[in-house]
Amino acid sequence: MSRRVFDPADYDIDLSREEFTDRVVEQFHSLYRDSLSIDELLLHPSEAMHFCDLVRRKYAYYGVPDNVILRVMIARRKSGGR
């Protein structure tokens, strides 16, 4: 099964993919302050779901599924981004 490229407009979000990713990553760093990596977060599914819920509530991204929120963080890490 192939994955579509994420486009925030598909979820009525008026940001570029880069801006959306920046927000999600900044929220992650704000919450975990280098105490937890994305890899470690994924090892704790209930904590990962909680993080995704926080992102959705903070930015009103109610329609964005967990896998999209987590996937943009993984993609940023893989690309060598912050």
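**View 1. Phe28 and Phe51, two buried rings.** Phe28 is buried, and Phe51 is buried too. Buried means under 20% relative accessible area, exposed over 50%, and partly exposed in between (1.4 Å probe, protein chains only). This is a predicted model: local features need pLDDT of at least 70, side-chain atom pairs count only at pLDDT 80 or more, and totals for chains, interfaces and linings use all residues. Residues are numbered from 1 along each chain as its sequence is written, and side-chain values use heavy atoms, with hydrogens and water left out.

**View 2. Aromatic pairs.** The whole structure holds seven aromatic pairs. Rings of Phe, Tyr and Trp (its six-membered ring) pair if their centres lie within 6.5 Å; planes under 30 degrees apart count as stacked, over 60 as edge-to-face, and the rest as tilted. Phe28 and Phe51 pair edge-to-face, at 5.7 Å centre to centre and 90 degrees between the planes. Phe28 sits in helix α1 and Phe51 in helix α3, 23 residues apart. Helices (H or I, at least four residues) and strands (E, at least two) are DSSP runs, numbered from the N terminus.

**View 3. A ring cluster around Tyr59 and Tyr61.** Tyr59 and Tyr61 are stacked: 5.4 Å centre to centre, 25 degrees between the planes. Tyr61 is buried, with a relative accessible area of 4%. Ring pairs join Phe6, Tyr11, Phe20, Tyr59 and Tyr61 into a cluster.

**View 4. Helix α4, residues 66–78.** This helix has 13 residues. Its buried residues are Val68, Ile69, Leu70, Val72, Met73, Ile74 and Arg76. Their cover includes α1 (17–32), α2 (38–42) and α3 (45–59). Gly80 follows α4, with a positive phi near 85 degrees.

Methods: The expected span of a helix is 1.5 Å times one less than its number of residues. Contact means heavy atoms within 4.5 Å.
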